[in-house]
Amino acid sequence: MGQSSNPHQVQSMDSLSSRAFVESVHPTPETENSGAGNLCENREIKKGRWRYKSLHVDMKTKYGSKIPIIIPDDIVRAVGPGSRDIVNYCGLIMRSTISFRDGDWKAIIGKHGEVMWLKVKDKFEASGMREHVLQALVVDTMQRLFRAWKTRLHKEYNLYTTDKERLSHRPDDVTP
């Protein structure tokens, strides 16, 4: 649809293109820099990934339903639409349950394994397979994520030379 010949006529939302609508939603540089109109003045702009909070999993399982997980016979990995959900949720449960003081992975799984498994089992179900296959996937995924978490923290702590500096720059996902 073209522009109206009458400059004072108001266009309906149906006649606006999606590009014009999206452009009207974004703030202009003047409103972005003004103190009164700036909604994000106290926020830091974070680059990279955001912390996972399981909002998608909570929405999908809100009324007691479980997310079906498909695990092929030849690999111990989840495939399909729920695969990212279970991996992200396993990481969240693992980071919020364990402590580095618990020791190595065998000690952690001995101490917290059943609790972590039951939390994941409440949200996910293995479609068309035995439950122990899903449990093996969960334990394997959490072990892989635990190693990656320790590696990331090791790199982060190596940036500082003394223990006092390291403790003053503790990441948010590590308890004192």
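Mentor: What follows takes the labels one by one and sets each value against its cut-off. This is a predicted model, in which local features need pLDDT of at least 70 and side-chain atom pairs count only at pLDDT 80 or more, while totals for chains, interfaces and linings use all residues. Residues are numbered from 1 along each chain as its sequence is written, and side-chain values use heavy atoms, with hydrogens and water left out.

Trainee: Why is the contact of Asp102 with Lys111 called a salt bridge?

Mentor: The term requires a side-chain nitrogen of Lys or Arg within 4 Å of a carboxyl oxygen of Asp or Glu. The closest N and O atoms of Asp102 and Lys111 are 3.2 Å apart, so the pair meets that rule. By this rule the count comes to four salt bridges.

Trainee: How do you know which of these two residues, Asp102 and Lys111, is buried or exposed?

Mentor: Buried means under 20% relative accessible area, exposed over 50%, and partly exposed in between, with a 1.4 Å probe and protein chains only. Asp102 has 16% relative accessibility and therefore counts as buried, whereas Lys111, at 57%, counts as exposed.

Trainee: Where do Arg152 and Glu156 lie?

Mentor: Both are in helix H6, four residues apart, which is about one turn of the helix. Arg152, at 36% relative accessibility, counts as partly exposed, and so does Glu156 with 25%.

Trainee: Why is the pair of Tyr89 and Phe124 called tilted?

Mentor: Rings of Phe, Tyr and Trp (its six-membered ring) pair if their centres lie within 6.5 Å, and planes under 30 degrees apart count as stacked, over 60 as edge-to-face and the rest as tilted. The structure holds two aromatic pairs. In one of them, the rings of Tyr89 and Phe124 have their centres 5.8 Å apart and their planes at 55 degrees, so the pair is tilted. Tyr89 lies in helix H4 (residues 83-97) and Phe124 in strand E2 (residues 124-126), so the pair ties together parts that are 35 residues apart in sequence. Both Tyr89 and Phe124 are buried.

Trainee: What angle and what distance make Trp105 and Phe146 a tilted aromatic pair?

Mentor: Their rings are 5.5 Å apart, centre to centre, with 35 degrees between the planes. Trp105 lies in helix H5 and Phe146 in helix H6, so this pair ties together parts that are 41 residues apart in sequence. Trp105 counts as buried at 12% relative accessibility, and Phe146 counts as buried at 4%.

Trainee: How do you know whether His112 is buried or exposed?

Mentor: His112, in helix H5, has a relative accessible area of 14% and is therefore buried. Not counting residues up to four places away in sequence, His112 touches Thr97, Ile98 and Asp102, where contact means heavy atoms within 4.5 Å.

Key
Helices (H or I, at least four residues) and strands (E, at least two) are DSSP runs, numbered from the N terminus.
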